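Let me put the model up on the screen, and then I'll walk you through a couple of spots in it.

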Amino acid sequence: MEKTWNNKAWFFVLPVLVLVAFSAVIPLMTVVNYSVQDTFGNNQFFWAGTDWFTQILTSSRFHDALWRNLMFSAIVLAIEVPLGIIVALSMPKKGVWVSVCLVLMALPLLIPWNVVGTIWQIFARTDIGLLGYTVSNLGINYNYGQNPFDAWVTVVVMDVWHWTSLVVLLAYAGLVSIPDAYYQAAKIDGASRWAVFRYIQLPKMGRVLLIAILLRFMDSFMIYTEPFVVTGGGPGSSTTFLSIDLVKMAVGQFDLGPAAAMSLIYFLIILLLSWVFYTIMTNVGADATSKRSPQ
Amino acid sequence: MSAYEPSSHGEQRIPASSHSEAALGQRERAKTGHFRLKIFVPIFYILFLLIPIYWLISLSFKPNQEIVSGLTLWPQNFTLDNYRVIFNDPSWYETYYNSMLYVVMNMVISVAVALPAAYAFSRYRFLGDKHLFFWLLTNRMAPPAVFVLPFFQLYSAFGLIDTHFAVALAHCLFNVPLAVWILEGFMSGVPKEIDETAYIDGYSFPRFFGKIFMPLIASGIGVAAFFCFMFSWVELLIARTLTVTDAKPIAAAMTRTSSATGLDYGVLTAAGVLTIIPGAIVIWFVRNHIAKGFALGRV
């Protein structure tokens with residue numbers, strides 16, 4: 001759509017700016033403030049320069065948490081995106097079952113995150129949980145409280161359970177928007193099922209899938225409550241992701257300086273990666289519009 | 001989006017796309033014979049989603065003794081005692097009310113401020129618009145863990161700790177950008193000629209916005225409100241930090257169930273079930289817009 005140039009539009013944006021300034025900029029400035037100072041209590045602060053940043057960037061604790069979180073995000077994306085596409089492709093396209101499917105699938109998305117954690121914490125217990133009980137009765141030595149591998153499996157399965165529906169709903173929205181003519185053309189050309197998917201459905205879903213990947217990446221990179229309830233970051237620190245580590249440092253140990261420095265580094269990493277996704281996304285969107293316009 | 005809405009005329013109004021989908025399916029069935037298996041994918045997926053929820057519900061109807069003494073697939077000694085505990089104790093059921101209150105407040109604030117901003121982004125180009133839009137989105141990307149401590153200090157300074165308003169305001173951090181994003185998507189789908197025609201017809205901007213434009217994007221407003229509800233309802237880290245007792249959310253009250261004698265699983269699971277119900281009701285209302293809503297109105 002052609003937009004007119006009008007700087008008065010700023011007035012429309014003003015309420016959002018004021019609100020976000022209050023709820024984001026001021027708190028962020030507090031973080032910046034802490035990240036360059038040291039304190040010995042009594043509200044006395046000393047200039048510490050970039051000490052905290054160096055300390056965080058060279059600490060193996062941060063590296064480990066970052067590496068764990070990147071691994072987690074990669075695994076979760078690698079499972080949820082293909083699974084979400086498969087489920088969306090095999091969903092019914094019309095009738096009452098569509099509503100039923102959509103409502104049931106959206107259900108996990110609306111459960112408070114600590115309740116999601118609680119559900120899986122109980123569900124995976126070997127004594128009172130159906131999953132843990134079944135798995136251990138199959139002769140598998142499963143204990144997410146002691147074995148790091150089991151803890152990882154539990155946290156990943158929980159995240160797949162919790163968030164795959166988001167990918168399904170997005171992919172499904174992309175699928176139902178494909179005009180009938182595309183399928184007819186494919187039929188005339190005698191295209192295989194795979195060709196239909198590869199050259200019609202996947203490109204048409206491209207944009208919404210990028211939104212899905214962007215949202216899933218951001219949220220899996222910020223994950224806190226669910227693994228915290230299930231494993232508490234343990235056993236040891238095997239499921240201590242960045243947010244868990246950060247809260248431990250800021251609230252648990254009250255190391256304000258390092259915690260603030262870590263916050264900023266953490267935020268910058270998310271920002272950088274999300275910017276890359278966002279740039280790709282807007283470019284894909286622009287491509288799609290320019291292709292569509294000659295018709 | 002009529003393609004998946006249940007048609008009131010039954011078979012007479014089959015959406016066009018289903019024809020060729022069916023034709024495609026037939027061809028595929030003839031070739032591979034696997035077509036019938038397709039229906040099992042969503043069924044298995046939904047089972048996978050529902051079993052853990054069933055387990056939560058089933059535990060909530062069992063007395064604690066039955067829960068810890070051994071595994072039973074359904075409640076043998078069916079009881080409502082766990083729910084009775086919650087509904088008879090004000091410190092339990094008031095948390096439920098607290099959650100509702102701040103979620104609704106957040107929903108109203110977020111949508112109200114996002115509406116004009118989204119209109120500006122969808123209709124006009126102005127100095128720094130693209131940067132501003134991305135900057136707004138960065139707030140959706142901010143890890144709540146980063147904001148826990150500064151939020152606590154900021155809201156303490158304003159004396160807002162333990163008020164519903166504090167949580168509603170804090171949740172605007174991620175809900176306002178999201179609402180702007182969704183509404184902008186829906187508004188861009190409305191042709192600009194409508195605005196111009198209305199101005200030619202002598203409508204003032206507020207009248208045009210309220211009388212003509214808002215009804216056109218009503219589903220978008222519904223979807224944006226749904227998402228604000230959703231993310232405010234599920235968030236706990238910030239909500240718990242900013243509240244002590246008066247505005248404590250129900251999800252945070254669940255930690256009370258652990259005591260010296262161990263976890264009170266019955267009450268814990270009953271409280272869990274109660275937190276699922278509002279979400280389920282809200283999804284039912286927006287079920288026909290949900291797919292498009294998740295695509296942020298941009299399919």
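So, at what angle do helix H6 and helix H8 of chain B pack? This is a predicted model, by the way, so keep that in mind as we go. The answer is about 135°, with the two axes 7 Å apart. For orientation, H6 covers residues 129-141 of chain B, and H8 covers residues 164-188. Angles over 145 would count as roughly antiparallel and 65 to 115 as roughly perpendicular, so H6(B) ends up oblique to H8(B). As for handedness, the crossing of H6(B) past H8(B) is left-handed.

Who actually meets whom there? From H6(B) we have Leu136(B), Leu137(B), Asn139(B) and Arg140(B), and across from them in H8(B) sit Leu173(B), Phe174(B), Pro177(B), Leu178(B), Val180(B) and Trp181(B). Sorted by class, that contact comes to 8 nonpolar, 1 polar and 1 charged residues.

Okay, now zoom out to the two chains. How many residues are in contact between chain A and chain B? We get 88 from chain A and 94 from chain B. On the chain A side, helix H1, residues 10-35, gives the most, with 13 residues.

Last stop, the strands. Strand E1 of chain A, residues 4-5, pairs with strand E1 of chain B, residues 124-125. The pairing is in the parallel sense and runs over 2 bridges. If you want to click on one, Thr4(A) has Tyr124(B) as its bridge partner in E1(B).

How values were computed. Residues numbered from 1 in each chain as written. Chains lettered and ligands numbered in written order. Predicted model: local features only at pLDDT ≥ 70, side-chain atom pairs only at ≥ 80, totals over all residues. Contact = placed C-beta atoms within 7 Å. Helix = DSSP H or I, 4+ residues; strand = E, 2+ residues; numbered from the N terminus. Pairing = 2+ DSSP bridges. Axes fitted to C-alpha atoms, helices over the stretch in contact; angles between N-to-C directions. Parallel < 35°, antiparallel > 145°, perpendicular 65-115°, else oblique. Left-handed = near helix turned anticlockwise from the far one by under 90°. Nonpolar A, V, L, I, M, F, W, Y, C, P; charged D, E, K, R; others polar.
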